[in-house]
Amino acid sequence: MKLDVISLDAGKAGDIDLSDDIFGLEPRADLLHRVVRWQRAKAQQGTHSVLGKSDVSYSTKKIYRQKGTGGARHGSRKAPTFRHGGVYKGPTPRSHAFDLPKKVRALGLKHALSAKFAAGELVIVDSLNIAEAKTSAVAKAVKENGWKRVLVIDGAEVNENFARAARNLEGVDVLPSMGANVYDILRRDTLVLTRAGVEALEARLK
């Protein structure tokens, strides 16, 4: 498949051949859903915690005698039935991560790239080279190309000037090719790849 390549100032810069095995698949929502769930679960902190019966600070003295009160039998006030008592089976710190086969993760990334291509939301730029790390230069390029919420993926190394200039722009994310992931690709309206980024992704996913 061929796709036009543009420069950062929206001028034409030739075209590029894209692999059908990576950019030409029929997107599968079930695969994308599995990979996004895996990513978000892995990112979850899991620091939720409550005080159980053994954690709350209270005397363990029996609160009243066993028999003859007409009330229910009780031991300490740490029981969950009492105010300020421990929580029964509350959340404890844990990892929410689960395993997902590498082949499924790789296939999910291919389907995410294919989904962007099929929707016409994939843009290839020649390079991210800019003379100075000026936010105004990147903002001008974003405006001229009509990008709103955009993810920019470069090759193995992101152009340092571009990365520094884009850091302060809302709605512009910049990643190296190894940082490309399904969640970030899908959550942005436009995916911008450099020539180096395309080569790196095709080498990674072939």
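User: Where does Lys148 lie?

Analyst: Lys148 sits in the loop between helix H4 (135–145) and strand E4. Helices (H or I, at least four residues) and strands (E, at least two) are DSSP runs, numbered from the N terminus. Before we go on, two notes on reading this structure. This is a predicted model, where local features need pLDDT of at least 70 and side-chain atom pairs count only at pLDDT 80 or more, while totals for chains, interfaces and linings use all residues. Residues are numbered from 1 along each chain as its sequence is written, and side-chain values use heavy atoms, with hydrogens and water left out.

User: Why is Lys148 called exposed?

Analyst: Let's set the value against the cut-offs. Buried means under 20% relative accessible area, exposed means over 50%, and partly exposed is in between (1.4 Å probe, protein chains only). Lys148 has a relative accessible area of 66%, so it is exposed.

User: Which residues is Lys148 in contact with, leaving aside its neighbours within four places in sequence?

Analyst: Those are Gly171 and Asp189. Contact means heavy atoms within 4.5 Å. Tyr58, by comparison, is 90 residues from Lys148 along the chain, and their C-alpha atoms are separated by 56 Å.

User: What makes Pro27 partly exposed?

Analyst: The relative accessible area of Pro27 is 31%, so Pro27 falls in the partly exposed range. Pro27 belongs to the loop between helix H1 (20–23) and helix H2 (29–43). Beyond its neighbours within four places in sequence, Pro27 is in contact with His111, Ser114 and Ala115. From Pro27 to Lys42 is 15 residues in sequence and 23 Å in space, C-alpha to C-alpha.

User: Why is the chain said to be more spread out than a compact globule?

Analyst: First, a picture of what is there. The chain has seven helices and six strands. The radius of gyration of the chain is 27 Å, well over the 17 Å that the globule rule gives for 206 residues, so the chain is more spread out than a compact globule. The radius is taken over C-alpha atoms, and the rule is 2.2 Å times the number of residues to the power 0.38. Along its principal axes, the C-alpha trace spans about 95 × 40 × 25 Å. Buried residues make up 37% of the 206 residues.

User: What makes E1 and E2 a pair of strands?

Analyst: Two strands pair if DSSP finds at least two bridges between them. Strand E1 (residues 2–6) and strand E2 (residues 12–17) are joined by four bridges and run antiparallel. With four bridges set against that cut-off, E1 and E2 therefore count as paired. Within this pairing, Ile6 stands opposite Lys12, and Asp4 faces Asp15. E1 and E2 form a hairpin with five residues between them. E1 is also joined to E3 by two bridges, and these strands run parallel. The bridge partner of Val5 in E3 is Ile124.

User: What is the phi of Ala10?

Analyst: Phi of Ala10 is near 75 degrees, a positive value in a residue other than glycine. Most residues other than glycine have a negative phi. Ala10 is in the loop between E1 and E2. With a relative accessible area of 40%, Ala10 is partly exposed. His84 also has a positive phi, near 70 degrees. You will find His84 in the loop between H2 and helix H3 (102–118). At 52% relative accessibility, His84 counts as exposed.

User: How do you know that strand E6 is largely enclosed by the rest of the structure?

Analyst: Five of the five residues of strand E6 (residues 190–194) are buried, so E6 is largely enclosed. In a regular strand the side chains alternate between the two faces of the sheet. Both faces of E6 are covered, with Thr190, Val192 and Thr194 buried on one side and Leu191 and Leu193 buried on the other.

User: Which strand is joined to E6 by four bridges?

Analyst: Strand E3 (residues 122–125) is joined to E6 that way, and the two run parallel. Val123 has Val192 in E6 as its bridge partner. Strand E4 (residues 150–153) also pairs with E6 in the parallel sense, over four bridges. There, Val150 stands opposite Thr190.
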